[in-house]
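Please open the model in your viewer and keep the selection tool at hand.

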Amino acid sequence: MADEGQQQVDKAGRQIFKVPKEKLLEFMRARKDEGFNHLSLITGVDRKDHIEVVYHLHSVEQDRYIVVKTTTNNCTVPSVTSLWRSANWDEREQWDLMGIKFEGHPNLKRMFLPESWVGHPLRKDYDLGNVQYINMDEDGEDYSTFDPGDGW
Amino acid sequence: MDKVKDGDFGIITTTLENAMEWGRSNSLWPLTFGLACCAIEMMAMQGANYDVARFGSEIFRNSPRQSDLMIVAGTVTKKMAPRVKRLYDEMPFPKYVIAMGVCVIQGGPYVKGYSVVLGVDKVIPVDVYVPGCPPTPEALIFGITTLQKRIRGESDR
């Protein structure tokens, strides 16, 4: 495993692998075959000039925990839903809040916010001054609006 | 002198309005409704240690149609706000609202966030504000007794 990707160790003693996104899927498949059967979390870090995507992998049998990091300049990363089914919702959450597009995801819709929400709120360039509100229509579906209206 | 308590307290004269207000204030039935951590303190208030039943509002109703007090306990997110409003609309008159905790009063620690309503009074009218993060059960009981005084038309002090 040491020959693939740059390797570091974090404060908790976990190995960190930095992998280019072109090799991500291949790297992740090898890790899954190695026994990392639990994708603990996916998160994103906005570094302003690029976006970093972080995966925490856990092997239940071997009691091992590793961190895989990749970077992207155009906000697209290959999806790992084909390896771990739990990545489906994790990637939808990252699309919703960070605006990271996961290529090959079967159902890349927003997780928490309504589809009509403008922008991705955890990005550094998100405009907090442009306040958005959520209302509910007759069918109970949410929609976002810039006008507070009667519902507020 | 005969001191046997036979339950007879003679004759009381009052107005019907006063009697109604007295009854209403001592049978406040809150809605079972918690949004965040303040709800834990609300449950503690209802439990045996603090026992809000002493003040006549122990019966947390599961349906808004049977309750007349809404304790908004916890951060109101923008996504939850339309639901809060719908629950409030489903409650029958007379109905009262207690805003519990700073999140509900003005946004609290989330005041610079994108997802939190800055005060539930933007969505529904509020009668009593109980500050704290979270307020203690005693503070919430004080809020309820304040509301009861208000319903009876007495001074808050």
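A salt bridge is counted here when a side-chain nitrogen of Lys or Arg lies within 4 Å of a carboxyl oxygen of Asp or Glu. By this rule, one salt bridge is found across the interface of chain B and chain A. Please bear in mind throughout that the model is predicted.

**First stop: the interface**

Select B:Arg83 and A:Asp142, which form a salt bridge whose closest N and O atoms are 2.9 Å apart. On the side of chain B that touches chain A, the residues comprise five nonpolar, one polar and seven charged. Now widen the selection to the whole contact, to which chain B contributes 13 residues and chain A 20 residues. Colour B:Lys78, B:Lys79 and B:Tyr114: in chain B these lose the most area to chain A, together 50% of what that side buries. The area buried between the two chains is about 1,300 Å², and carbon and sulfur atoms give 63% of this area.

In soluble globular proteins, nonpolar side chains tend to be buried together. Select A:Met28, A:Leu39, A:Ile42, A:Tyr55, A:Leu57, A:Val68 and A:Val80, which touch the most other members of the largest nonpolar core, a set of 23 residues. At least two residues of this core come from each of α1, β3, β4, β5 and α2 of chain A. Which strand gives the largest share of this core? It is β4(A), with four residues.

Centre the view on A:Leu57; beyond its neighbours within four places in sequence, its contacts include A:Phe36, A:Ile66 and A:Trp84. Apart from this core lies another, of 20 residues, including B:Phe60, B:Val128, B:Val130 and B:Leu140.

Over all chains, the whole structure holds seven salt bridges. Select A:Glu34 and A:Arg31, which form one with closest N and O atoms 3.0 Å apart. Both residues lie in helix α1 of chain A, three residues apart, about one turn of the helix.

Next, select A:Arg123 and A:Asp46, whose side chains meet in a salt bridge (3.9 Å, N to O). Because A:Arg123 lies in the loop between β7 and β8 of chain A and A:Asp46 in strand β3, this pair ties together parts that are 77 residues apart in sequence.

Finally, select B:Lys85 and B:Asp89, a salt bridge of 4.0 Å, N to O. These residues are four apart in helix α3 of chain B, about one helical turn.

Definitions and conventions: Residues are numbered from 1 along each chain as its sequence is written. Chains are lettered from A and ligands numbered from 1 in the order in which they are written. This is a predicted model: local features need pLDDT of at least 70, side-chain atom pairs count only at pLDDT 80 or more; totals for chains, interfaces and linings use all residues. Side-chain values use heavy atoms; hydrogens and water are left out. Contact means heavy atoms within 4.5 Å. Buried area is the accessible area (1.4 Å probe) that two parts lose on being put together, summed over both. Ala, Val, Leu, Ile, Met, Phe, Trp, Tyr, Cys and Pro count as nonpolar, Asp, Glu, Lys and Arg as charged, and the others, Gly among them, as polar. A nonpolar core is a set of buried Ala, Val, Leu, Ile, Met, Phe, Trp, Tyr and Cys residues joined through side-chain atoms within 4.5 Å. Buried means under 20% relative accessible area, exposed over 50%, partly exposed in between (1.4 Å probe, protein chains only).
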